[in-house]
Amino acid sequence: MVRGFGWAAAFPDEVWEHVFSFLAADADRNAVALVCRAWHRIERRSRRRVFVGNCYAVAPAAAVRRFPEVRAAAIKGKPHFADFNLVPTDWGGGAEAWVEAMAEGWPHLEELRLKRMVVSDDCLELIARSFKNFGVLSLVSCDGFSTAGLAAIAANCRSSPVHTSVGLEVAILVSVASEGVNELSLVYLLLSSADIPYLRNLRELDLHENEVEDNCLNWISHFPESFTSLVSLNIACLEGDVNTSVLECLISRCPNLKTLRLNHAMPLEKLVSLLQRAPQLVDVGTSKFSADHHPELFSKLESTFAGFKHLKSLSGIWEAGPTYLPAIYSVCESLTSLNLCYATIQSPELLKFVSRCKNLQRLWVMDLIEDNGLIAVAASCKLLQELRVFPSDPYGVAPPISLTEHGLVAISAGCLMLHSVLYFCRQMTNAALLTIANNRPNLTCFRLCIIEPHTPDYISQEPLDAGFSAIVESCKDLRRLSLSGLLTDRVFKSIGASANRLEMLSVAFAGDSDAGLHYILSGCKNLRKLEIRDCPFGDKALLDNASKLETMRSLWMSSCSVTLGACRQLALKMPRLNVEVIDERRGRPLESWPDDFPVEKLYIYRTVAGPRSDTPPCVWTV
Amino acid sequence: MELELGLAPPGSDRTPELGVHGEKRANLCRKRGVDEMLGKATLPLFIQKDNDEDGNGNGNGRQSKHLQELNFGSRVLVGWPPVKMWRRKSDDCGRRRANCVKVNMEGVAIGRKVDLCLHDSYQGLFLTLSQMFPKKQHDGEESDAAYYKVTYEDEDGDWMLVGDVPWEAFIRSVRRLKILN
């Protein structure tokens with residue numbers, strides 16, 4: 001028996017590394033790193049994947065220094081409520097600091113995934129130049145870049161180091177004096193220096209729901225002829241036209257292409273000729289799915305889709321009308337994932353389509369499916385795991401849709417494997433929620449959005465406390481919950497007490513008093529992210545539970561009852577929290593405002609990097 | 001990139017409306033003053049407008065009566081329902097996209113921008129305009145709507161008086177606004 005931690009030396013480092021490689025979860029690797037110095041050293045040198053949930057929680061240089069051999073990094077920036085315009089556009093989340101640090105310290109980086117960050121074209125160019133073996137670039141809900149930046153990415157994908165468009169050009173003037181002739185030959189030597197790597201192996205370019213400025217129409221043509229390694233291309237978020245013939249060439253020369261998600265702009269005929277070139281696709285996102293009826297186009301579409309022998313995932317289908325949807329019935333059986341949330345087709349056609357998809361595991365659809373449609377889904381799609389129903393008319397201009405709590409109840413009864421729900425509707429009852437809770441105790445994600453704030457149970461006129469309480473009490477593995485409707489402090493008492501696995505909670509227009517917030521913060525052992533808007537929660541609950549905030553990733557509160565004084569106290573008490581007060585109306589600096597000043601928006605997050613240096617004028621770190 | 005400076009009389013808080021993406025800055029088109037805000041227990045984040053005389057000016061009869069009880073004067077809430085910007089980018093309802101149009105007042109050098117998507121009636125629009133271009137001496141007149149003569153340029157380039165056509169038709173065709181003294 002070896003004394004102390006000498007047993008760690010009983011095996012060479014490589015053995016421990018191999019053992020650690022079986023630990024997928026970061027939490028496990030973190031635990032390993034705390035055992036002894038040797039393990040700390042071995043673990044940090046062998047960690048290949050890093051996930052940074054809040055880009056300001058740690059300094060980029062520190063992260064890069066600690067884990068020098070990272071091959072895959074995922075980083076998130078803005079708070080979730082930025083998706084709904086609640087966060088000022090200049091709040092932060094810029095990617096430069098991270099990309100620069102990574103370019104410096106992780107030259108072997110292969111995968112980069114950024115979410116809700118501001119990525120400039122310069123960043124993209126830096127990415128294009130810095131990583132020799134780069135394979136995957138995924139940008140989700142980002143902004144700040146343009147198609148010119150994408151062109152830089154594309155241009156750097158090559159397989160031989162002869163010609164570079166962004167590399168050095170060394171002009172060598174050679175004067176040749178040969179017999180009888182005085183000749184001056186200008187020889188341009190295009191050097192790609194060893195310091196300019198290239199995206200030789202780009203496999204995946206995933207652009208999901210980004211705001212991209214369209215200033216380079218032909219960016220796709222920057223992919224060189226020699227580039228053939230593409231496996232996944234998602235350009236659904238691009239607004240502008242993409243050159244179809246160039247895209248066709250690209251697709252034809254990439255035999256491994258499995259995922260292709262196009263953008264809205266491409267007309268249906270062009271889409272068809274494009275898709276014909278890639279019958280091996282597993283995941284297709286179509287472009288605009290409406291056009292005037294042409295029998296020829298219909299049959300071409302039909303035969304193209306019939307050719308997809310491996311298609312599992314279908315999305316796009318922008319503005320689909322009843323005309324062309326029947327052409328693709330042939331793929332329904334094989335689909336496991338269907339995203340129709342941009343399709344404005346009405347219930348009968350929608351129902352016909354979806355009920356053919358017997359193997360569906362994930363369904364995203366508009367509320368145009370109505371209760372009848374969901375009842376049909378409950379009967380046909382027995383393997384359904386995830387359902388999202390989006391509002392076709394969130395601002396209530398059109399006549400109301402017949403989608404109510406009945407649809408969700410039917411799904412909960414018929415789909416035994418259902419674990420994830422996002423549901424927008426206009427009415428709900430406690431009874432329905434109770435039924436859902438009893439039917440589906442295996443729910444892990446339950447996000448209900450009753451569109452009108454403060455809507456009570458429409459039958460009993462009671463608050464929906466009982467219903468949501470039933471959900472948290474029955475669904476023991478619930479990790480994510482979004483509340484809506486009329487709710488008092490009582491629901492928070494249940495959540496605090498029962499939601500032991502809850503990691504993310506979204507609250508809006510709910511609660512009566514500070515007690516509500518106190519219940520959450522003093523319970524919910526595993527809470528990581530809490531976002532609250534328009535609730536009467538204030539200082540006391542926040543200060544009484546200050547230490548809880550350091551166990552969480554972040555807390556967002558807007559339009560609540562928190563005062564500046566409480567923020568100041570909190571910041572003093574908890575040095576490892578950044579307490580950011582966001583106020584877009586103020587001209588004068590925060591220091592001059594009194595303690596009882598009401599805080600409009602508050603974002604608190606734990607960090608080891610201290611206050612950030614890039615706060616815009618509307619943000620103060622207290 | 002368009003730069004619109006917001007000048008306002010002293011006492012009200014306005015910040016310049018800078019923005020490349022009109023839709024993202026939409027919620028800044030109207031700010032509440034400090035006085036309005038202090039003294040309230042909760043601070044709902046919404047665009048306030050009066051909605052008591054209702055129905056008549058509107059093309060639709062959408063109501064949220066219970067919101068009024070809680071002192072929410074408006075039907076339009078920023079960021080609610082929580083639907084991503086991306087959901088709104090569909091051609092069939094251009095109304096959901098932020099629809100910022102320029103507003104100039106005769107004799108005033110600096111123009112403003114107003115997001116029509118945040119309004120659903122002429123009354124609301126006039127209220128916003130009256131707050132953007134407040135009259136220096138208000139002689140106790142209640143209805144600002146009566147005070148201003150607002151014209152708009154439609155898609156054909158013609159200048160028409162605001163208020164003649166139904167609201168829905170108006171927002172589809174309006175290109176910019178001009179307030180006459």
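This is a predicted model: local features need pLDDT of at least 70, side-chain atom pairs count only at pLDDT 80 or more; totals for chains, interfaces and linings use all residues.
Residues are numbered from 1 along each chain as its sequence is written, chains are lettered from A and ligands numbered from 1 in the order in which they are written, and side-chain values use heavy atoms, with hydrogens and water left out.

Okay, chain A. We get 20 helices and 25 strands here; helices (H or I, at least four residues) and strands (E, at least two) are DSSP runs, numbered from the N terminus. With a radius of gyration of 28 Å, close to the 25 Å from the globule rule for 622 residues, chain A is as compact as a globular protein of that length. That radius is taken over C-alpha atoms, and the rule is 2.2 Å times the number of residues to the power 0.38. Along the principal axes, the C-alpha trace of chain A spans about 105 × 75 × 65 Å.

How much of chain A is buried? The share is 56% of the 622 residues, where buried means under 20% relative accessible area, exposed over 50%, and partly exposed in between (1.4 Å probe, protein chains only). As for contacts (heavy atoms within 4.5 Å), take those in chain A between residues at least 6 apart in sequence: 71% of them join residues at least 24 apart.

The domain assignment, which is automatic or from a database, gives chain A domain 1 at 6-47 and domain 2 at 554-622. The C-alpha centres of those two domains of chain A lie 39 Å apart.

Now let's zoom in on a helix. α13 of chain A, residues 405-414, is mostly covered, with 7 of its 10 residues buried. Among the buried ones are L408(A), V409(A) and I411(A), but E405(A) is on that list too. What does the covering? The cover includes α12 (370-380), β16 (386-390), β17 (420-425), α14 (430-439) and β18 (445-450) of chain A.

S141(A) has phi near 50°, a positive value in a residue other than glycine. You'll find S141(A) in the loop between β4 (136-140) and β5 (143-146) of chain A. Is S141(A) buried or exposed? Buried, at a relative accessible area of 14%. Leaving out residues up to four places away in sequence, S141(A) touches D83(A), R116(A), M117(A), H208(A), E209(A) and N210(A).

H454(A) also has a positive phi, near 65°. H454(A) sits in the loop between β18 and α15 (465-474) of chain A, and at 16% relative accessibility H454(A) counts as buried.

On to chain B. This one has 5 helices and 7 strands, running β-β-α-α-β-β-α-α-β-β-α-β along the sequence. Of the 181 residues of chain B, 46% count as buried. For contacts in chain B between residues at least 6 apart in sequence, 52% join residues at least 24 apart.

P81(B) lies in the loop between α2 (65-69) and β3 (100-105) of chain B.
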